[in-house]
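Subject: The structure we talked about

Hi,

Here is the structure I promised to pass on.

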Amino acid sequence: MPDYLVFVVDDDKISRLLVDSMLRRKYAVETFESAESCLERLAQRLPDLFLLDVGLPGMDGYALCRALKDGPETRDIPVLFVSAHDDLDSVLAGYEAGGEDYFIKPFDVISLHHRIENLQRIEQDKKALAEPTTAADELATLLMANLDEYAVLIKFLRTLNECNSYAEVVDAIRHVLEAFHLDGCLQIRQRNLEQTFGREGGNWPMEAAVINHVRSLGRIFEFRQHAAYNFDRLTILVTNMPIKDADLCGRVRDNLAIAAESADAKLKALQYFEDNATMRGEIRALLAGVGQSVETFSHNYDHARYAGSVHTTQ
């Protein structure tokens, strides 16, 4: 009997049977026709994953997800939404509800298994990396919170100047978001790298899906309390802009635009240095090859001269 339990909530009987048949050989599966029946079952047993249809009667999939994320026993269980809607509002609603992934109908068994396995790996990595917050981090956060916006920006620019890797740039951006009391995620895009970093770590599918929708919508794109800052190598998505305080929101917006543009320039410089290092390595290898060829030619030439002298003497 498989140990990994999946709760499937879908009001369509055929869909429930189809998903059950897709998962039954590898996972334990329980199906429910409504959010209410699923919530009742949670009193007896908790699953390892929720697979929720969005369009449920009564409490829909988004509302069910919010209820699960509000519950102390279920908040850390991943939620995979299944929907026929692939528009920004639908994906964003799933993200705001707290879901970990958003899957578009129709789908095949291989894709479904891949999505579940990806969420399993993410959960394992999350547990392995979970550590208590250190006293030093708490003190740094407290001090940063008391600085004004300009001091935060200046500190970020100084830190950015000292960054020597993509990971250090990502950490610097995360710290500036924390300093402004903002939640969100970011994505960096280099020649051989595209990675999304969010509230729970790296490459969460839901956050990647949202950024992939908004990164082509203009340099600065705002919708409700969300704001996206899009540059060639970087997108920062903020989910809780302080829109109720117009002055504060304006200052945060301007400072984040400067921070995002500076980070994008730093990523460009890092790519340039990386390309330069690669080119220097290739040139060194080429010069070594040329030197070896010259040495071989010189050796062969000396040998031929000696052989010619012997032949002439004979």
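In this predicted model, 5 strands form an open sheet with parallel pairing, in the order β2-β1-β3-β4-β5. At the edges sit β2 (28–32) and β5 (101–104), each of which pairs on one side only. Ignoring direction, neighbouring strands of the sheet are turned against each other by 20 degrees on average. If you zoom in on β4 (residues 79–83), you'll see that β4 and β5 pair in the parallel sense over 4 bridges. One to click on is Ser 83, whose bridge partner in β5 is Ile 104. Helix α1 (residues 13–23) packs on the sheet and touches β1 (5–9), β2 and β3 (49–53). The direction of α1 makes about 175 degrees with that of β2.

Next, helix α4. How many of the 10 residues of α4 are buried? It's 7 of the 10 in this helix (residues 88–97), so α4 is largely enclosed by the rest of the structure. The buried ones are Leu 88, Ser 90, Val 91, Leu 92, Gly 94, Tyr 95 and Ala 97. The N-terminal end of α4 is capped by Asp 87, which has a side-chain oxygen 3.3 Å from the backbone nitrogen of Asp 89. Just after the helix, Gly 98 takes a positive phi of about 105 degrees.

That brings me to His 226, which lies in strand β10 (residues 226–230). Why does His 226 count as buried? Its relative accessible area is 2%, and the cut-off for buried is under 20%. The His 226 side chain makes a polar contact with the side chain of Glu 96, at 2.9 Å. Setting aside neighbours within four places in sequence, His 226 is in contact with Leu 92, Glu 96, Phe 221, Val 238, Thr 239 and Met 241.

Now the charged pairs. A search of the whole structure turns up 10 salt bridges. A few to look at:

- Lys 26 and Glu 117: the closest N and O atoms are 2.4 Å apart. This pair links distant parts of the chain, with Lys 26 in the loop between α1 and β2 and Glu 117 in helix α5 (residues 109–129), 91 residues apart. Lys 26 is partly exposed at 41% relative accessible area, and Glu 117 is partly exposed at 25%.

- Glu 30 and Arg 41: here the closest N and O atoms are 2.9 Å apart. Glu 30 is buried, with a relative accessible area of 17%, while Arg 41 counts as partly exposed at 24%.

- Arg 115 and Asp 101: their side chains meet in a salt bridge of 3.0 Å, N to O. Again the pair links distant parts of the chain, Arg 115 being in helix α5 and Asp 101 in strand β5, 14 residues apart. Asp 101 is buried, with a relative accessible area of 3%, whereas Arg 115 is partly exposed at 25%.

There is also a network of salt bridges that links Asp 10, Asp 53 and Lys 105.

Cheers

Definitions and conventions:
Residues are numbered from 1 along each chain as its sequence is written. This is a predicted model: local features need pLDDT of at least 70, side-chain atom pairs count only at pLDDT 80 or more; totals for chains, interfaces and linings use all residues. Side-chain values use heavy atoms; hydrogens and water are left out. Buried means under 20% relative accessible area, exposed over 50%, partly exposed in between (1.4 Å probe, protein chains only). Helices (H or I, at least four residues) and strands (E, at least two) are DSSP runs, numbered from the N terminus. A polar contact is a pair of N or O atoms within 3.5 Å; within protein, one must be able to donate a hydrogen and the other to accept it, and residues adjacent in sequence count only if both atoms are side-chain atoms. Two strands pair if DSSP finds at least two bridges between them. Axes are lines fitted to C-alpha atoms, for helices over the stretch in contact, and angles run from 0 to 180 degrees between N-to-C directions. Contact means heavy atoms within 4.5 Å. A salt bridge is a side-chain nitrogen of Lys or Arg within 4 Å of a carboxyl oxygen of Asp or Glu.
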